[in-house]
Amino acid sequence: MDGNGRWAKTRGLPRIFGHRAGADAVRRTVEASCELGIPALTLYAFSWENWDRPHDEIHELMGLLEEFLRREEPLLHKYRVQLKAIGRLEGLPENAAKALQQTIARTAHLDHMILTLALSYGGRQEIVDAARRLAELVHAGRLVPEQIDEALFSQQLYTAGLPDPDLIIRTSGEQRLSNFLLWQTSYAEFYVTPKPWPEFTKADLLDAIAEFERRDRRFGKAAAPAGAAG
Ligand code: IPE
Ligand code: MG
């Protein structure tokens, strides 16, 4: 979800107004995803590197997260959305962490869609944390290095149990992953729209899905010969 700051700047507004408009886009996108039957939606809300932003902006973003969770929880119940969070969550301020844990607990039984918020999240940090846990298991004699394969490694990631994403959408034109789901995106399709996140609508989501459906996903295999079935 990129472009909140630039969206505000072009209107002569402080960056927080962009983040507030971004929260409205989150609500729209969650609703649209539920209506379209998307089973899992992951939103990159706050990166590990975002901690280097000015203190005031971080404070406002964390306040907005708490406010958003309290305000939008009825929406999660209405659409039967289970909330999850991935990242180094222990670094979140107490109030935001509490709101997050409460909403996660109260939506744990809901099963129409899984909404995952990536918070204090970095893909490299996630891989390092997984490697550390595996090293601890080996050290404790509960695992031998030969047992470590892709499946076992995946189980140590914050996303354990979640499907790998099929489609990554990035707003506001930047063509990079910015430390998002590095392991999980190895064969994801990438879609970039020039629109800033606060302007992202259901129609844009449908455009992204239509483009995704036109992609030929081969997962490293050779293309099927012309005229072959499947
Ligand atoms: C994305 O918008 C929201 C967060 C990272 C929290 P930005 O704040 O990155 O907006 P730009 O990139 O400055 O326009
Ligand atoms: Mg940005």
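**Asn179 counts as buried, because its relative accessibility is 12%.** Buried stands for a relative accessible area under 20%, exposed for one over 50%, and partly exposed for what lies in between, with a 1.4 Å probe and protein chains only. The model shown is predicted: local features need pLDDT of at least 70 and side-chain atom pairs count only at pLDDT 80 or more, while totals for chains, interfaces and linings use all residues. Residues are numbered from 1 along each chain as its sequence is written, chains are lettered from A and ligands numbered from 1 in the order in which they are written, and side-chain values use heavy atoms, with hydrogens and water left out. Asn179 sits in the loop that runs between strand 4 (167-170) and strand 5 (189-192). Here helices (H or I, at least four residues) and strands (E, at least two) are DSSP runs, numbered from the N terminus. Asn179 is not a glycine, yet its phi is positive, at about 70°. Not counting residues up to four places away in sequence, Asn179 touches Tyr44, Glu49, Tyr121, Gly122, Gly123, Arg124 and Gln125, where contact means heavy atoms within 4.5 Å. A polar atom of the Asn179 side chain is 2.9 Å from the backbone nitrogen of Arg124.

**Ser172 belongs to the loop between strand 4 and strand 5.** Ser172 counts as buried because its relative accessibility is 12%. With neighbours within four places in sequence left aside, Ser172 has contacts with Asp2, Gly3, Arg6, Thr193, Pro194, Lys195 and Pro196.

**Ligand 1 is shown with the residues around it: Met1, Asp2, Gly3, Asn4, Gly5, Arg6, Arg15, His19, Ala45, Asn50, Arg53 and Leu61.** A residue is included if one of its heavy atoms lies within 4 Å of the ligand. By class, this shell has 3 nonpolar, 5 polar and 4 charged residues. In that count Ala, Val, Leu, Ile, Met, Phe, Trp, Tyr, Cys and Pro are nonpolar, Asp, Glu, Lys and Arg are charged, and the others, Gly among them, are polar. Arg6 has a polar side-chain atom 2.7 Å from an oxygen atom of ligand 1, and Arg53 likewise has a polar side-chain atom 2.7 Å from an oxygen atom of the ligand. At Gly3, a polar backbone atom is 3.5 Å from an oxygen atom of ligand 1. On its own, ligand 1 has 380 Å² of accessible area, and the protein covers 87% of that. Accessible areas come from the Shrake-Rupley method with a 1.4 Å probe; for residues, only the protein chains shown count as cover. Helix 1 (4-10) and helix 2 (15-36) are the elements that give two or more residues to the shell. Helix 1 gives the most, with 3 residues.

**The largest nonpolar core has 35 residues.** Such a core is a set of buried Ala, Val, Leu, Ile, Met, Phe, Trp, Tyr and Cys residues joined through side-chain atoms within 4.5 Å. The residues with the most contacts inside this core are Val30, Leu100, Leu115, Leu117 and Leu119. At least two residues each come from helix 2, strand 1 (40-47), helix 3 (55-78), strand 2 (81-86), helix 4 (94-106), strand 3 and helix 7 (202-214). Helix 3 supplies the largest share, 8 residues. Apart from neighbours within four places in sequence, Leu119 is in contact with Ala45, Phe46, Leu65, Ile86, Gly87, Arg88, Leu89, Leu92 and Leu100. A second, separate core of 8 residues includes Tyr44, Ala118, Leu181 and Ala188.

Ala118 is found in strand 3, and Ala118 counts as buried because its relative accessible area is 0%. Its contacts, with neighbours within four places in sequence set aside, are Leu43, Tyr44, Ala45, Phe46, Ile86 and Phe180. From C-alpha to C-alpha, Ala118 and Phe46 are 6.4 Å apart in space, although 72 residues separate them in sequence. Ser120 also lies in strand 3 (residues 113-121). Ser120 counts as buried because its relative accessibility is 1%. Its phi is near 55°, a positive value in a residue other than glycine.

**His55 is found in helix 3.** His55 counts as exposed because its relative accessibility is 62%. His55 and Gln147 are 44 Å apart in space, C-alpha to C-alpha, and 92 residues apart in sequence.

Key: Polar contact = N/O pair within 3.5 Å; in protein donor to acceptor, adjacent residues only side chain to side chain.
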